[in-house]
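Please work through the exercises below with the sequence and the structure at hand.

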Amino acid sequence: MAKSIAVIGDSESIKGFGAVGMDMFVCDEPVSSPQLLKQITENDYYAIIYMTEEIFEASAKEREKFAEKAVPAIIPLPGVRGNTGIGQRRLSSFVEQAVGSDILFKN
Amino acid sequence: MDIMNVNPTRMQMTKLKKQLVTAKRGHKMLKDKRDELMRQFIELVQENKRLREKVEAELAECSAHFVNASAVMSKKALDSSLMSSKQQTGVNVGSKNIMSVDVPVFTSVSQSPEKNDIYPYGFAFTSFELDDAVTALNDIMPDLIRLAETEKSCELMAAEIERTRRRVNSLEHVMIPRYEATIKYIAMKLEENDRSSRTRLMKVKDMLLEKAHHYSQRNE
């Protein structure tokens, strides 16, 4: 069954994604993102939700309940304001959780 | 090591021995599962790392294109050009079982009229920078979807590995030593009972013989 892809972020960062066929949800205030995420995930319509890093951080609590589920996959992407390294930190936290110490990025 | 609160009987010992065998077998199997999960996880994580670096670099490039486009076009024109999209991108969600972890498999289904016709606007009033931006974004779509897939898989597998590791450790360092200690305790208790009943029997035998033959009187 086909599901859609959503993008949440500030209008500057995500405006291009609409052109390639993803559903855009503009959220210029990170504070309101948990509410938005809740609405989006309500009917299980989206398989992948991309977020800008600010939104990703702001909605940490709301994201928790999807950690154990296969869908939706919630993925942080850098916005126009640059890369804060959340993606890499998230990856190294997985490695740390699984292996016990970060063997991938520690050098 | 603390022992379980059980009656020191032979039946209980047989039961515990059976449980110990099961625990050892379970421990071995879980250990194998953990090792295999770990192997696959490391592979996946390395791919994920590579993809993320690539996607992040390309997205930065994309943003630069958009910034350039917005420099030569008015914000209004730019926004209205991107407002409607010609293609609808979605994903088919399948699932794959990696060592009892169900991970999602995303296959992209995009409905676009033609491969070269991805631009949702006419070329007359837009800058070529915008074309570059949209093309670049369109090109990284497969990587973006693959990134989502591997990152979600890593997340699910990391949780499963942690759980399995805890189970292995609890079996190895708590359950199995406790079984062994309890079995040893029961075995010793049984031996002790055995010895005490044997001495009691010897004593009784002595007393009975004494009663029948009166040895002590005869020696005098």
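The model is predicted: local features need pLDDT of at least 70, side-chain atom pairs count only at pLDDT 80 or more, and totals for chains, interfaces and linings use all residues. Residues are numbered from 1 along each chain as its sequence is written, while chains are lettered from A and ligands numbered from 1 in the order in which they are written.

**Exercise 1.** Determine which residues of helix H2 (residues 33-41) of chain A are buried.

*Solution.* 
1. A residue is buried if 20 or more other C-beta atoms, placed from the backbone, lie within 10 Å of its own, exposed if 12 or fewer, and partly exposed in between. Helices (H or I, at least four residues) and strands (E, at least two) are DSSP runs, numbered from the N terminus.
2. The buried residues of H2(A) are Ser33(A), Leu37(A) and Thr41(A).
3. These residues line one face of the helix, because they fall within an arc of 65° seen down the axis of H2(A). The arc is that of the directions from the helix axis to the C-beta atoms.
4. Gln35(A), Lys38(A) and Gln39(A) are exposed on the face turned away from the buried side.

**Exercise 2.** Describe how helix H1 (residues 11-19) of chain A and helix H3 (residues 128-139) of chain B cross.

*Solution.* 
1. Their axes, lines fitted to C-alpha atoms over the stretch in contact, come within 9 Å and cross at roughly 75°; angles run from 0 to 180 degrees between N-to-C directions.
2. H1(A) is therefore roughly perpendicular to H3(B), a term for angles of 65 to 115 degrees.

Note on methods:
Parallel < 35°, antiparallel > 145°, perpendicular 65-115°, else oblique.
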